Amino acid sequence: MGSNPKPAEDLMGRSNGVHFSGLVSRDELDKNGHREELPTTSALENGHKELREPFVIGVGGGASSGKTTVCNMIIEQLRDQRVVLVNQESFYYGLSDEELTRVNEYNFDHPGAFDTEYLLTCMENLKHGKSVDMPNYDFKTYKNVLPPRKVNPSDVIILEGILVFHDPRVRDLMSMKIFVDTDADVRLARRIKRDTAEKDRDIKTVLDQYSKFVKPAFEDFILPTKKYADIIIPRGGDNHVAIDLIVQHIRTKLGQHDLCKIYPNLYVIQSTFQIRGMHTIIRDAKTTTHDFIFYADRLIRLVVEHGLGILPFKEKQVITPTGAVYTGVDFSKRLCGISVIRSGESMENALRACCKGIKIGKILIHRSEGDNGQQLIYHNLPKDISNRHVLLLDPILGTGNTAVQAINLLLKKGVQESNIIFLNLISAPQGVHVVCKKFPRIKIVTSEIELGLNDEYRVIPGMGEFGDRYFGTDDC
Ligand SMILES: O=P(O)(O)OC[C@H]1O[C@H](OP(=O)(O)OP(=O)(O)O)[C@H](O)[C@@H]1O
Ligand SMILES: O=c1cc[nH]c(=O)[nH]1
């Protein structure tokens, strides 16, 4: 089996010399302005090589074998990871006018029906941390339509399609290859049901297409790729045991690079769709100040509660109104908050709302351009700070230089390193490394770990200048 597309006549299921002349190639899309430039800002382009490579999963198998269900189940179970799904079908070549007149004779199950070169480019870019413009193939018009779908790099990339294991170059990008193996009669029954209900086709047309293209293509091109699979899932999405095992394996693989494994004092709050939703809003450049404050406050409250949750505790027993004994814990008493002016001040209200009457001090550090221009300008700290647990408040951990200055001051004032809990909304891996290496006993609590920093030491993807967005000074 070769990776070269067959000539056009095979795609049309005949040998009458029809050519691909009318097909829209990816290059033409470029020339016609159908595709935007790839963004230049990406973590890897900026040389942050310690970023982990995404885990690329290929999910192949015959048409209607249950690949989509398998992918959805994996995505659902990996909900705390960034996962992006790439469909091979998005890379169908658009049909020429000539081909459109005899669409029933076009072989959509042939490897040559896909623009594998562009698929490869997109996958390579995603794998190397770059965003891509995914083509938008329209199944009604059989054409590529605008706009393309912008896809950002993720921790996990799933490439799904009937022929994703056909080209060795695409296979080589995959960390795991899954073949969904479903009996031919089940696949045919599903196809008849789907095409008659959703595509308004009659049974005869469906069966004709099946015997002319789908079945031979399965035998000639799809089934032979089964041997490349690391895992073969019989019964597709019905096989919950297989999917649980796959997800566990992916988690283990991702965990090998997990900052939390390297630094046990780093706490990333457990993600939920609510938390992802709040992040989606505050990261969106179009979000209004009002909404930014609302959702940043919600997230900050979660981070603050999580931070309070790792304070030491003493056991305490109380008598409930029923006269029974309840064995619980007593809150830590000697606490204070220290906010890094000005973004850290956005976290004070949440801390006050959780800890009645808590003392809050402030530190002002001037962050000049670049990555090491920090200068301590002002501080106002509780006099007895050395006897307290300190919740250090700053929503952004970027290079870590501001945090290092702030923590050095706290240590100089006699605070024990192990009594400092640094609360962030988002943390760049670079900042985590800097802070955790220098102060191995402090604890960091954050709601998301970022991809990295750009050339200007801004967090990527980040949320821009937090202080300006929160305090409404971004138009000044
Ligand atoms: O880890 P670093 O690279 O040092 O960056 C993080 C610092 O940058 C932000 O403050 P900024 O200087 O934007 O000031 P602001 O809070 O007054 O807006 C943030 O609140 C941190 O204090
Ligand atoms: O991306 C960044 C970096 C530092 N401070 C911010 O507010 N945003």
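**Close-up 1. Helix H14 and the shell around ligand 1 in the predicted model.** H14 contributes three residues to the shell around ligand 1, the most of any element. Helices (H or I, at least four residues) and strands (E, at least two) are DSSP runs, numbered from the N terminus. At least two shell residues each come from strand S17 (396-397), helix H14 (401-412) and helix H16 (466-471). The shell comprises 19 residues, of which Ser343, Gly398, Thr399, Thr402 and Gly467 come nearest to ligand 1; a residue is near a molecule if its C-beta atom, placed from the backbone, lies within 6 Å of it. By class, seven residues of this shell are nonpolar, eight polar and four charged (Ala, Val, Leu, Ile, Met, Phe, Trp, Tyr, Cys and Pro count as nonpolar, Asp, Glu, Lys and Arg as charged, and the others, Gly among them, as polar).

**Close-up 2. The surroundings of ligand 2.** Ser343, Ile396, Gly398, Arg458, Val459, Gly462, Glu465, Phe466 and Gly467 surround ligand 2. Three residues of this shell are nonpolar, four polar and two charged.

**Close-up 3. The buried residues of helix H5.** Thr116, Tyr118, Leu119, Cys122, Met123 and Leu126 are the buried residues of H5 (20 or more other C-beta atoms within 10 Å of their own, C-beta atoms being placed from the backbone). Seen down the axis of H5, these residues fall within an arc of 160°, so they line one face of the helix; the arc is that of the directions from the helix axis to the C-beta atoms. Gly129, with a positive phi near 80°, follows H5.

**Note.** Residues are numbered from 1 along each chain as its sequence is written, chains are lettered from A and ligands numbered from 1 in the order in which they are written. In this predicted model, local features need pLDDT of at least 70 and side-chain atom pairs count only at pLDDT 80 or more, whereas totals for chains, interfaces and linings use all residues.

Technical notes:
Buried ≥ 20, exposed ≤ 12 C-beta atoms within 10 Å, placed from the backbone.
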